[in-house]
Amino acid sequence: MNDVGMNSKTENILPAAPSAWDQLTNPSLAEQQHPQHQQQQVPPLHQHQHHPAQSPQMQASSPTTISAPLLTPTKTTPPDVAHTPSGAAPGAPGANFNEELAPELTQQGWRKFWSKREGRPYFWNKLTGESLWEPPQLNRGPPQFDPLTDPLGICSTSPLNGPLPMHNSTGYNNNSHPSPHNHHHTLKRRASEDAAQQQPQQQQHHSAHLPPGAGSVGGPPPLKKYVLPGPWDLEVPTNVLIYERLPTTFPQPYPEVEALRGSLTLRLAKTYEDLCNKRESIAPPKDSFQRWLMERRIIDQGIDPLLPSQCTPEISPQMYREILRDIPIKIVKPKFTGDARKQLSRYCDAAKKIVERRGASEESKKIVKWNADEAYEWLRRTVGASYEDFQDRLTHLQRQCEPHIIATVRVSVEQLCAKLYHLSMQHARNIRERHAQILKEHGIPELSAPLQPPVTRKVWCYPVQFALPSPRMPQIDYSNDRDHMVIKYTNTAVMAAPDTHVVNISHLQKLEQLYRYNCFDDKKFDFFIGRAYCMLKRYATFLGNNANPNQQEPELTQAALPAVVFECLHHHFNVTFECFASPLNCYFRQYCSAFGDTDSFFGSRGSFLDFKPVSGSFQVNPPYCEELIDASLQHIDRLLTDSVEPLSFIVFLQEWKDPPLKCLSKIEDSPYKRKQVVVMGMEHEYRHGLQHCIPKSEVNFKSIVGTMVVWLQNAAGYARWAPTEARVDALLEAFRPGRERDRDKAIATSTVPVQASCSATASSPEPGTAGNSGSGAGDLSSTGPSKPSTPATV
């Protein structure tokens, strides 16, 4: 290629004339050479001057300086997107290659190069990645293509994507000639498109009257789009309608605040463990702290997105119930008869110690000691008892002693739960104060007045919006480690050691693709690494010590359905939305998640309990928390009752027997239940909740319990997506073990799939996703890539 500073005239060149680069950097030399250029070139057609306005494309929507973006190694380029040309210039450039660029265009990043393939010059903007055939103008409108995924504009054939008609001015040295290539498109094209433009006018007129989607022989090639391969389908548009909603008042996530929240949450979990050990002489129930956070989020109206700070009642019934269940000892199902005998003896000892050391009433002491002594006597005189005999004796002893033990420890357990909640309130206030201080340091004022309610209208569902802008992100280090990316954040004021998170390269590419689709206030990816760190840190904080995949059971994490099951749900029931997912385990690009503030940049619509769709088809796979499952079933029942438009929910619940879910009775009594099937345990698979950081060979695991599948639909939803026998059989077949591996092998042996269109069709509209700062809505015609920052009305 030839830059402007490297061009040279092949004829009539004065030996002492300054170069084009000298003229650009020194305007006085350009003025001296200006008359000489006018004598050698054809006079311009227009001599009027104008004052072009600054291009809207250069107005940064995020609080970053307008400069060339530092492209990180995480910004992968799709294989069908052309790179910026580089290399040596040809020996004989065209005649119009000597035209100089205006200094204003040079300051905005425009450079001039020579195309060896097309044999003519083109113009490239180093700031935005945009490439044009015709000279750019200062007052051009915003580009109609994404410079990140289509830097040269080769995926667009619309003439609106090019610049406005040229008008010569003094800013272009008044030396413009009619270009011999003016008959071409203004955007950079492939050479194979030239033949398509030489068709007769009659054929073009005939193709103009074809129905949408009808192809024409010899016409322009269809628009192509890179599809990221993997156990997901991020190209499925939404079919979910909602009423426009207010942006969230939570501040945007910030690495220092997220690190502080992580350290305080870890301290709170440690306090919970110490209270259980010292007060109740038991280990904290497994994953009880995580379920407490989920249960508190159902009713919490506080100021922190993770730690509960405003709940009524203050004592969590879930935590209270789980602690009492493990007092005096945790009852497990023994494998052998000897283990059953030992468990019965241990229960007798623990029950007697509780009533003796605590302030139990005399009646309680008498009853517990008498039953414990009777069990001891039975153990001494019974020889060769069976497994069932020991289990029956333990059940009888529990039934006799449990009411008295609960009455003895009830006050102590309530105080434990209340103390944990009050510590959480204090930590939440400290986090919010620090976050407000950071916003003040960056000159971002807090909200002084309540937000105005939006106009009541239906729009395609869009990610969570923020009422406050984002502060500038601090430095975050990242490095490649084979097939992983290591993200490290260092802040000695909050953490003693650097905080490191690991994510697979494939999932990092998935996060980039979700970021392109859902975040429109950071087109240059300046905030991508910081926001990805905040999201990874939030989930690591939520999982606590279970963030290490070697220290947990995969069934108890955020397990996801196999990709083949999602493909079947989308194909047969038009499911396009997940009600419980995360950016790391989602299949579709639209979903609800537990943390809308950190996940909104990657497509989250917020909490499902706050999400109120009007129509659509949904997949519901809640985590194992009885209060959350109960609240979700009630929320689904209200949505089906309030809406007359097609609404369908396919609920997946694992049949845990210990303890059994009491809320399942709501499904049996629901008037919207259309079908119910059970996939037997060990006959289907799930995807590990930590699939983003474990080896691919360990992602799939067999479920040890059955999975119940229930269709909850209103009348319109049942008429459109009825669970017929053929559809249900196809879903059960998709659950068969091994289907996921067969799908991965087929993808590995095939080429990268390519979609024929970048925009949505009328039957499955593209969501007009909202930007992550500000609010508002637009018309349905403004959906898609042209106006992605506003939701689309219906």
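Modeller: Happy to! Let's begin with confidence, since this is a predicted model. Strand β10 (residues 577–578) has the highest confidence in the protein chain, with a mean of 98, while strand β17 (residues 754–755) has the lowest, at 39. Across the protein chain the mean pLDDT is 77, and 69% of the residues reach 70 or more. Two stretches call for care. The pLDDT is below 50 over residues 1–16, a stretch that has 36 contacts in the model beyond near neighbours in sequence. Residues 546–552 are also below 50, and there the model has 15 contacts beyond near neighbours. Where pLDDT is low, the predicted coordinates should not be read in detail.

Here is the setting for your charged pairs. The protein chain has 794 residues, and 50% of them are buried. Its secondary structure comes to 19 helices and 17 strands. Of the contacts between residues at least 6 apart in sequence, 72% join residues at least 24 apart.

Now to the pairs themselves. Side chains of opposite charge can pair when their charged atoms come close. The structure holds 25 salt bridges. One of them joins the side chains of Glu280 and Arg358, at 3.0 Å from N to O. Glu280 sits in the loop between α5 (255–279) and α6, and Arg358 in the loop between α8 (337–357) and α9 (362–381), so this pair ties together parts that are 78 residues apart in sequence. Glu280 is buried, at a relative accessible area of 4%, whereas Arg358 is partly exposed, at 22%.

A second pair is Lys537 with Asp499, whose closest N and O atoms are 3.3 Å apart. This one links distant parts of the chain: Lys537 belongs to helix α12 (residues 528–543) and Asp499 to strand β9 (residues 499–504), 38 residues apart. Lys537 counts as buried, at 11% relative accessibility, and Asp499 is buried with a relative accessible area of 11%.

Glu441 counts as exposed, at 53% relative accessibility. There is also a network of salt bridges, which links Glu258, Arg261, Asp304, Arg538 and Asp597.

Asp304 leads us to Ser309, as Asp304 is one of the residues that Ser309 touches. Ser309 lies in the loop between α6 and α7, and it counts as buried at 12% relative accessibility. Its other contacts, leaving out residues up to four places away in sequence, include Asp300, Gly302, Ile303, Tyr421, Met425 and Ala428.

Next, the nonpolar packing. In soluble globular proteins, nonpolar side chains tend to be buried together. The largest nonpolar core here has 150 residues, and Ile323, Leu569, Phe602 and Phe649 have the most contacts inside it. Helix α10 (residues 387–441) supplies the largest share of this core, 13 residues. Apart from it lies another core of seven residues, including Leu105, Trp110, Phe123 and Leu132. Phe602 has neighbours of several kinds: leaving out residues up to four places away in sequence, it touches Leu511, Leu514, Tyr515, Asn518, Phe528, Arg531, Ala532, Met535, Pro583, Arg589 and Tyr591.

Finally, what about the cysteines? The structure holds zero disulfides. Cys348 is in none, and the nearest cysteine sulfur, that of Cys401, is 7.6 Å away. Cys348 counts as buried at 1% relative accessibility. The sulfur of Cys592 is 5.9 Å from the closest cysteine sulfur, in Cys579, which is too far for a bond. Cys592 is buried too, with a relative accessible area of 0%.

Key. Residues are numbered from 1 along each chain as its sequence is written. This is a predicted model: local features need pLDDT of at least 70, side-chain atom pairs count only at pLDDT 80 or more; totals for chains, interfaces and linings use all residues. Side-chain values use heavy atoms; hydrogens and water are left out. A nonpolar core is a set of buried Ala, Val, Leu, Ile, Met, Phe, Trp, Tyr and Cys residues joined through side-chain atoms within 4.5 Å. Buried means under 20% relative accessible area, exposed over 50%, partly exposed in between (1.4 Å probe, protein chains only). Helices (H or I, at least four residues) and strands (E, at least two) are DSSP runs, numbered from the N terminus. Contact means heavy atoms within 4.5 Å. pLDDT is the predictor's confidence in each residue, from 0 to 100. A salt bridge is a side-chain nitrogen of Lys or Arg within 4 Å of a carboxyl oxygen of Asp or Glu. A disulfide is a pair of cysteine sulfur atoms within 2.5 Å.
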